[in-house]
Amino acid sequence: MLAIIWHSRTGAARAMALAIAEGAGRASFLLPAAEAMPAILMGATGYVFVCPENLGSMSGQMKEMFDRCYYPLLGRVEGRPYATAIAAGSDGAGAQAQIERIVTGWRLKRVAPPLVVRLGAQTPQEILAEKTVSPVDLDSCCELGMAFAEGLALGIY
Ligand SMILES: Cc1cc2nc3c(=O)[nH]c(=O)nc-3n(C[C@H](O)[C@H](O)[C@H](O)COP(=O)(O)O)c2cc1C
């Protein structure tokens, strides 16, 4: 089963996670980062990490998930496939690089190109407003989920 681990503050990453799950279908499950415990992650065969970039980093709840799960999973998930999907204002590189660095320790294997959706919010009002993601970007998320689930089903990872 593909675990889609997500956190969202203003709705964009949530919409992206839902689209990834729609693409991946029944071979996947959505897992809010706050509920992601080591035993649940151990039971999954692949991972998509979906969150916003906040202040140059992955969001705090996503980081807390890694802090909680890192050592319990270390050495036990080597070679499993993963992908990332970041919601950002104008950047997203910091969040993505952080996640990549952490899962390098787990020896996960990236199986889809990094996906960063930039919403372009600039002012504090825009940044704090609830977000909607464009159909084109949701399609990209859906395709990521579909391709990931297909690869898992075919055992090509
Ligand atoms: C506290 C805060 C900090 C943010 N910092 C960044 C940032 O460093 N880089 C960036 O590209 N966007 C930044 N943003 C914008 C969000 O990443 C962007 O609005 C994203 O779409 C939000 O995703 P969400 O709706 O899933 O929370 C920030 C937003 C907030 C609320």
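**Helix packing and one arginine**

Analyst: In this predicted model, the buried residues of helix 3 pack against strand 1 (2-6), helix 2 (38-42), strand 3 (46-54), strand 4 (57-58) and helix 4 (93-106).

User: Which are the buried residues of helix 3?

Analyst: They are Met62, Met65, Phe66, Cys69, Tyr70 and Leu73. In an α-helix there are 3.6 residues a turn, so residues three or four places apart point the same way.

User: How many residues does helix 3 have, and what follows it?

Analyst: Helix 3 covers residues 60-73, which is 14 residues, and its first and last C-alpha atoms are 20 Å apart, close to the 20 Å expected at 1.5 Å a residue. Gly75 follows helix 3 and has a positive phi, near 80°.

User: Changing topic: at what angle do helix 1 and helix 6 cross?

Analyst: The axes of helix 1 (residues 12-24) and helix 6 (residues 135-154) cross at roughly 40° and come within 6 Å. Helix 1 is therefore oblique to helix 6, and their crossing is right-handed.

User: Which residues make the contact?

Analyst: Helix 1 contributes Ala15, Met16, Ala19, Ile20, Glu22, Gly23 and Ala24, while helix 6 contributes Leu138, Cys141, Cys142, Leu144, Gly145, Met146 and Ala149. By type, the contact comprises 11 nonpolar residues, two polar and one charged.

User: And where is Arg110, and what is its relative accessible area?

Analyst: Arg110 lies in strand 6 (residues 109-110). Its relative accessible area is 25%, so Arg110 is partly exposed.

User: With which residues is Arg110 in contact, leaving aside neighbours within four places in sequence?

Analyst: Those residues are Tyr82, Ala83, Thr84, Gln96 and Glu100. The C-alpha atoms of Arg110 and Gly79 are separated by 9.2 Å, with the two residues 31 residues apart along the chain.

Technical notes:
Residues are numbered from 1 along each chain as its sequence is written. This is a predicted model: local features need pLDDT of at least 70, side-chain atom pairs count only at pLDDT 80 or more; totals for chains, interfaces and linings use all residues. Side-chain values use heavy atoms; hydrogens and water are left out. Axes are lines fitted to C-alpha atoms, for helices over the stretch in contact, and angles run from 0 to 180 degrees between N-to-C directions. Helices (H or I, at least four residues) and strands (E, at least two) are DSSP runs, numbered from the N terminus. Angles under 35 degrees count as roughly parallel, over 145 as roughly antiparallel, 65 to 115 as roughly perpendicular and the rest as oblique. A crossing is left-handed if the near helix is turned anticlockwise from the far one by less than a right angle, and right-handed if clockwise. Contact means heavy atoms within 4.5 Å. Ala, Val, Leu, Ile, Met, Phe, Trp, Tyr, Cys and Pro count as nonpolar, Asp, Glu, Lys and Arg as charged, and the others, Gly among them, as polar. The expected span of a helix is 1.5 Å times one less than its number of residues. Buried means under 20% relative accessible area, exposed over 50%, partly exposed in between (1.4 Å probe, protein chains only).
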